[in-house]
Amino acid sequence: MTVPSHPARTAVPRPAGVTMLGQNQYGKAETRVVKITRDGATHHIKDLSVSVALSGDLDEVHLSGSNANCLPTDTTKNTVYAFAKEYGIESAEQFGIHLARHFVTSQEPIGRARIRIEEYAWERIATSDANSRFIGADEVKHSFVRKGQETRLTQVTYDGERWQVISGLKDLVVMNSTHSEFWGYIKDRYTTLKEAYDRILATEVFGRWRFNWTDDRQRMPNWDRSYEQVRKHLLQAFAETYSLSLQQTLYQMGSRVITHRAEIDEVRFSLPNKHHFLVDLEPFGLKNDTPDGAVYYAADRPYGLIEATILRDGAEPGIPVDLTNL
C-alpha cells in the first residue's frame, strides 16, 4: 500500500525592500488555572489567569513560515497547568518567576518571557459554631465565597539575566464621604462647576508598583506580605489625607507606599474620579445641604481621570505610562 505523502513545500519568496518585520511576540493568553491545596480537611485556593508572551529568535516564523523555533502556545498552556501541580502556587509573583525562568532557560530561541497574572481572591465561608451545627456534622473548611473587591495583578519579565516584576491591583473602589474639597481652579467662559468645600471623594484604584528586585543574587521579597502591606498603606493614605484634589491624594498614596516599602521604587496610579453631585431638591421645597447629610447623584461617566507616577528619589521610571495593557 502506498502511503500518501504531504505535498512538497517550497520557501515562500520574500518581496525585497518593501517591508520588514518589527517587534513580535507570541504566547497563550488568559489560561485559567485553579489550584487546590489540601491541608487535611482544610483546603486553600489559588485562582489565576495566566498570560504568557515569548520573544526571541522567531523571525522565520513570520518570514518563511518555519516553525522550527516555535514552542506551540498549547505547550505554554500545558506548562502552566503542570507547574501548578509540580510546584504549587505560593504567590502570583513566584509562579510567574518559575514560568519565565523555565521558558527562557529551556528553549534556546526564546530570549525573553513575559508572564502576566491576574489573581481572583476567595475567602472561607464562616459556618455555624459547634453548638448550632447539625448533629454529627464536621466543621467545614472547604467552602469559599469569591471576594468582590480588587483583583491582584503581576507581570514578570525575564531575559535570562535580569528580572522585572511589576505588581498591582485593579477595581478597588474607595470613598471618603467628607474631608475633601475642590476650589481655586481655573475658570473660563465654559466653567460651570461650583467650588466645593465638603464633597465626596470616590475612585476606583488601578495601581501598579515596580520592585527593585532584578537579580537572582538579591534577596527575593516576600510577595504576599508585600502585597498586603502596599494595599494597607495606599488605603490608609487615601483615608487619612485631607484632600484638596484627587491629584494630591494620589501623590500621598504613592509616597506612603514608597516610604514604607523598601522593596518598591516606583508606583503608578490611574484613578477615575467617580463624581457624586448634590441633587437639586429645591423644586420639592427641600434643602439638600451637606452638613445635614445630603443626597447625591452618582455619575458613572464622563469622569475625570487622574494618572501619575511616584518614584523613589533617583529611580528611573520603568512602568509604562499607559496601563491599559499592563
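User: In this predicted model, which residues is His-43 in contact with, leaving aside its neighbours within four places in sequence?

Analyst: In this predicted model, His-43 is part of strand S2. Its relative accessible area is 14%, and buried means under 20%, so His-43 is buried. Leaving aside neighbours within four places in sequence, the residues in contact with His-43 are Ile-36, Thr-37, Arg-38, Arg-124, Lys-141, His-142 and Phe-144.

User: Which strands and which helix do the buried residues of H2 pack against?

Analyst: Helix H2 covers residues 73-87, and its buried residues are Thr-76, Thr-79, Val-80, Phe-83 and Ala-84. They cover an arc of only 130° around the axis, which puts them on the same side of H2. On the other side of H2, Lys-85 and Glu-86 are exposed. The buried residues pack against strand S1 (31-39), strand S2 (42-56) and helix H3 (92-106).

User: What is the distance between the closest N and O atoms of Asp-74 and Lys-77?

Analyst: Side chains of opposite charge can pair when their charged atoms come close. Asp-74 and Lys-77 are three residues apart in helix H2, and therefore about one helical turn separates them. Asp-74 is partly exposed at 38% relative accessibility, and Lys-77 is partly exposed at 24%. The two form a salt bridge in which the closest N and O atoms are apart by 2.8 Å.

User: How many residues apart are the salt-bridge partners Arg-231 and Glu-150 in sequence?

Analyst: Arg-231 forms a salt bridge with Glu-150, with the closest N and O atoms 2.6 Å apart. Arg-231 lies in helix H4 and Glu-150 in the loop between strand S5 (144-146) and strand S6 (151-158), so the pair ties together parts of the chain whose separation in sequence is 81 residues.

User: Are Lys-46 and Glu-119, which meet in a salt bridge, buried or exposed?

Analyst: The side chains of Lys-46 and Glu-119 meet at 3.1 Å, N to O. The pair links distant parts of the chain, with Lys-46 in strand S2 and Glu-119 in strand S3, 73 residues apart. Both Lys-46 and Glu-119 are buried.

User: Which residues does Trp-223 touch, not counting residues up to four places away in sequence?

Analyst: Trp-223 is found in helix H4 (residues 223-240). Its relative accessibility is 3%, so Trp-223 counts as buried. Not counting residues up to four places away in sequence, Trp-223 touches Ser-91, Glu-93, Gln-94, Ile-97, Arg-152, Val-165, Phe-211 and Trp-213.

User: How far apart in space are Leu-250 and Glu-307, C-alpha to C-alpha?

Analyst: Leu-250 lies in helix H5 (residues 246-260) and counts as buried, at 2% relative accessibility. Glu-307 is among the residues in contact with Leu-250, as are Phe-269 and Leu-271. Leu-250 and Glu-307 are 57 residues apart in sequence, yet their C-alpha to C-alpha distance is 8.2 Å.

User: What covers the buried residues of H5?

Analyst: The buried residues of H5 include Leu-246, Met-253, Val-257 and Ile-258. Their cover includes S8, H4, strand S9 (264-273) and strand S12 (304-311).

User: Which residues make the nonpolar surface patch of about 440 Å²?

Analyst: One member, Trp-183, lies in the loop between strand S7 (163-176) and strand S8 (201-211). Trp-183 is partly exposed, with a relative accessible area of 43%. The patch is made by Trp-183, Tyr-197, Tyr-242 and Leu-244.

Definitions and conventions:
Residues numbered from 1 in each chain as written. Predicted model: local features only at pLDDT ≥ 70, side-chain atom pairs only at ≥ 80, totals over all residues. Heavy atoms only, no water. Helix = DSSP H or I, 4+ residues; strand = E, 2+ residues; numbered from the N terminus. Expected span 1.5 Å × (residues − 1). Buried < 20%, exposed > 50% of the residue type's maximum accessible area, 1.4 Å probe, protein only. Arc of directions from axis to C-beta. Contact = heavy atoms within 4.5 Å. Patch = residues over 30% accessible without salt bridge, like charges linked within 9 Å, V, L, I, M, F, W, Y side chains within 5 Å. Areas by Shrake-Rupley, 256 points an atom, 1.4 Å probe, with all protein chains shown as cover. Salt bridge = Lys/Arg side-chain N within 4 Å of Asp/Glu carboxyl O.
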